[in-house]
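Have it open beside you as you read.

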There are 2 protein chains.
Amino acid sequence: MLRLAYIIMNLKELSKVLKLSISTVSKALNDSSEISAATKKKVVAKAKALNYHANPFASNLRSQKSKTIAVIIPAIANNFFSLAINGAESYAQGKDYHVLIYQTHEELQKEIAICKHLYNGRVDGIMVSLTRQTNDTAHFLDLKKKGIPLVFFDRVAEKIDAPKITTDDYESAFIGMQHLLKTGCKKIAFLSISDTLSISNKRHDGFIDALKKHKIKPEKNLMLACDNDENANKKKIKKLLTQKNKPDAIFACVEELAIASYEICEELKIKIPQDVKIISYSNLQTASILNPALTTITQPAYEIGRKAASILFRLINKKEPNLSEENTVLKSTLIVRKSTGEKK
Amino acid sequence: MLRLAYIIMNLKELSKVLKLSISTVSKALNDSSEISAATKKKVVAKAKALNYHANPFASNLRSQKSKTIAVIIPAIANNFFSLAINGAESYAQGKDYHVLIYQTHEELQKEIAICKHLYNGRVDGIMVSLTRQTNDTAHFLDLKKKGIPLVFFDRVAEKIDAPKITTDDYESAFIGMQHLLKTGCKKIAFLSISDTLSISNKRHDGFIDALKKHKIKPEKNLMLACDNDENANKKKIKKLLTQKNKPDAIFACVEELAIASYEICEELKIKIPQDVKIISYSNLQTASILNPALTTITQPAYEIGRKAASILFRLINKKEPNLSEENTVLKSTLIVRKSTGEKK
DNA sequence: TTTTTTTATGAAAACGTTTTCGTAAAAAAA
DNA sequence: TTTTTTTACGAAAACGTTTTCATAAAAAAA
C-alpha cells in the first residue's frame with residue numbers, strides 16, 4: 001500500500017501531541033462534562049491549529065448516527081423542488097444536520113435503488129416526494145420496518161403510515177377552475193402528470209367538481225395523461241389543440257406541461273389567452289414575464305420543505321410513534337395573470 | 001441503550017446463518033477471486049433473501065474510500081447548475097459512484113464551511129463552481145494538500161493548480177456583442193455578477209474589446225456590478241434605465257440579471273427590444289417563451305458537468321499529478337431571439 | 001482526622017466492515 | 001510416489017472514532 005506523503009492527522013496523533021489519552025481528547029472535542037474547562041480549551045485550540053477534522057465514517061459508525069437527512073425528489077431542475085430543498089436545508093442547518101439530495105428523474109426504478117442505498121443507516125431520516133411513476137411503495141415499507149424516520153411531502157404515498165405534508169390540492173384546483181369558468185370557458189382541458197399520484201387525483205377531482213358545479217360535463221378527449229417523454233407530451237398537446245373538439249382553456253397540473261403548451265401555441269400560432277387560456281400549478285420564477293404572463297396556482301414550496309424537515313426531526317429525536325398520523329396541509333395561492341385574461 | 005425490535009442484519013449474523021466465517025462472506029459479497037463460485041452464489045442469495053446491506057460507514061472506514069463525489073455549486077435553482085449536476089451524475093453512475101450536492105447560496109462563508117466538512121475523506125473527489133463572492137481560495141488549497149482530487153468548472157479558481165472546465169467566455173461575449181452592435185446599439189450596459197470571478201472578467205474583456213473594435217468608448221455609468229441582494233440589484237437596474245445616459249441594450253452576465261431587467265422594463269413600461277435590447281448568458285428553459293423571447297448565450301451545461309466528472313475520475317483513479325494543467329474549454333452558442341430584434 | 005463524594009483522566013471495548021496472513025485440503029508437477 | 005503449487009477458507013488485525021468502565025486525585029462531608 002502506498003503511504004501518502006501528506007501528514008496524517010487523527011485522534012491518535014492529536015492525543016500524542018497533547019500528551020493526553022485518545023478518550024480524553026475525543027471527549028474534550030465533543031464537549032463532554034467529564035473534561036475540565038482548561039483541558040477542553042487546550043484540546044480545541046490544538047485541534048484547530050493542526051487542522052484536525054474527525055473522520056465522519058468512524059464517528060458515524062461508532063455513534064450509529066450520521067447527522068444527515070436525505071431528500072428524495074423527482075428533479076432539482078424544478079423550482080418547486082429546489083425551493084423545498086432550501087426550506088429543508090434551512091431547518092436542518094439549525095440542527096447541525098446535513099442534507100443529501102437524491103434525484104429520481106421521475107423513474108420508479110431509481111427511487112427503488114435510492115431506497116436500497118439508504119437502507120443501512122446512511123442517513124438518520126428521509127424526506128420523499130414520489131416519482132410520477134410510483135404506483136407501488138413497498139420499498140418505503142422496508143425503510144420503515146428498519147426504523148428509519150420517513151416523511152412524505154407533496155407527492156405522498158397514501159398507503160404508508162408516515163407523516164405527510166401536502167397542499168390543498170382539491171381546493172386549489174377547484175378555485176383555479178372557478179376562475180377559468182368565470183371568464184366564460186366551457187371546454188377546459190386537463191393535463192395530468194400521472195394517474196396514480198394522489199396530488200394528480202385530487203387536482204383531477206377539484207377539476208371535475210368545479211365543472212359539475214357549472215353543469216358542464218367532463219369530456220374524455222379533453223383529458224390528457226402525460227408522462228416522462230417530453231416529445232410525446234408535446235405531440236399529445238398538439239393533437240389536443242388541433243382536434244375537432246378544441247379546448248378553450250388548459251388546466252396544467254405541472255409547469256412543465258404549461259411550458260410545453262406555450263411552445264405548441266407559439267408553433268401553431270394559437271393566441272393565449274384569446275384562443276386558449278392557460279392556468280398551471282407552478283413555482284416558475286419567470287411566470288410573470290412569459291408571453292403572456294402565466295396565471296399560476298403557486299404552492300408554498302419553501303414552507304413545505306421546512307415543515308417536512310421539522311416533522312422529520314421530531315421523528316428522529318423523539319421517536320414519537322403516533323406522529324405517523326400527522327398530516328399537514330398548507331395552502332396554495334392563485335395568482336391571476338394575463339394567460340387567463342378576458343376574452344376580447 | 002434501547003435495543004430496537006427490528007432484526008439486526010450484519011456480516012456477523014449473515015455468516016452465522018451461512019455457517020461461514022465473516023471474512024469469507026465479506027469476500028464473497030465483494031466478488032473476491034479467493035472464493036469459489038458455489039460459495040459466492042450461496043452467499044449472495046442468502047444476503048438478498050435476508051435483505052442484507054453493508055453498513056456504508058464501516059466499509060468506507062475500512063476501505064478508505066467512499067465511492068462518492070461532491071459537487072459544490074452556488075445554487076440548484078438554476079438551470080445551468082442543475083444540468084451540470086445531471087451531467088456529472090450520469091458519468092458517476094456509470095462508475096458506480098454517488099454524487100453529493102452542496103449549495104453555497106453564493107456565500108463564501110458557506111463555501112468554506114463545506115470545504116471543512118469535506119476535509120476528512122467524506123468524498124473521494126470534489127467538483128466546484130465558485131461563489132460570486134469568492135476572492136480567496138485558500139480553503140481549496142487545504143483540500144488539495146490533503147490529497148483530495150479537485151476539479152473546477154465554469155467558475156474556476158485560477159490560482160489553484162487543478163483541472164478546470166470552462167467555456168469560451170471571452171469569445172462568446174465578443175460574439176454576443178457583435179450581434180448587438182450589428183443591430184445598431186451604441187450604448188450597451190454590462191451587468192456583471194462579480195468583480196473577482198474569472199468568468200465575469202473574461203466576459204467583461206470580450207465586451208470591452210468588441211466595443212473597441214467598433215470604436216465605442218466604454219462608459220462607466222453603463223457598467224453595473226451586481227451582488228447577492230436581489231432587491232438592490234433591481235434598484236441598480238432601475239436607476240440604470242432611468243438615468244440620463246440610458247442604455248439602448250443590456251448585456252447580462254447571468255440569467256438572474258436578465259430576469260430582473262425584464263421585470264424592471266415591465267414596471268417602467270420600457271419596451272424590449274424597441275427601447276432596449278437584452279442579451280444574456282442563460283440556460284433558461286423558458287427563454288423562448290418570454291415576453292419577448294430572450295436572446296441567449298447558452299453554455300453546454302450538461303457536457304460541462306459530465307466532462308468535469310470524467311476528469312475528476314481520472315484524478316481519483318490514476319493519481320495523474322500532471323493532470324492539473326488539463327484545462328478544457330467548451331463552446332457556448334448564441335441563440336438569437338426577439339429581445340435583440342430589429343429596431344423598428 | 002477519616003470517609004465519602006466528585007472530578008478528571010485513561011484503558012479498553014465496541015461499531016461493522018475489509019484485508020492481511022496463515023493453513024488445511026486439493027490439484028498439479030515432479 | 002513425493003513435492004510443489006493452487007484453491008478456498010478462517011482468524012485476527014485494522015480503519016478512527018465513541019463510550020463504558022475503572023481509578024487516581026481532589027474536594028467535600030463526616
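**Notes on the model**

1. Let's start at a strand pair: Leu191(A) has Leu224(A), in β7(A), as its bridge partner. Strand β6 (residues 188-192) of chain A runs parallel to β7(A), and three bridges join the two. Strands here are DSSP runs of E of at least two residues and helices are runs of H or I of at least four, numbered from the N terminus; two strands pair if DSSP finds at least two bridges between them.

2. A word on the ground rules. This is a predicted model, in which local features need pLDDT of at least 70 and side-chain atom pairs pLDDT 80 or more, while totals for chains, interfaces and linings use all residues. Residues are numbered from 1 along each chain as its sequence is written, chains are lettered from A and ligands numbered from 1 in the order in which they are written, and side-chain values use heavy atoms, with hydrogens and water left out.

3. Now widen the view to the open sheet of chain A, whose six strands follow the order β7-β6-β8-β9-β10-β12 with mixed pairing. β7 (223-225) and β12 (333-335) of chain A are at the edges with a single partner strand each, so one side of each has no neighbour in the sheet.

4. Helix α10 (residues 230-242) of chain A lies across β6, β7 and β8 of chain A, at about 170 degrees to β7(A). Such angles run from 0 to 180 degrees between N-to-C directions, with axes fitted to C-alpha atoms, for helices over the stretch in contact; contact means heavy atoms within 4.5 Å.

5. Two atom pairs are worth a look.

6. Finally, some backbone details. The peptide bond from Ile272(A) to Pro273(A) is cis, with omega near 0 degrees, and Pro273(A) sits in the loop between α11 (255-268) and β9 of chain A. Asp31(A), not a glycine, has a positive phi of about 60 degrees. Asp31(A) counts as exposed because its relative accessibility is 55%, the cut-off being over 50% (1.4 Å probe, protein chains only).

Methods:
Buried means under 20% relative accessible area, exposed over 50%, partly exposed in between (1.4 Å probe, protein chains only).
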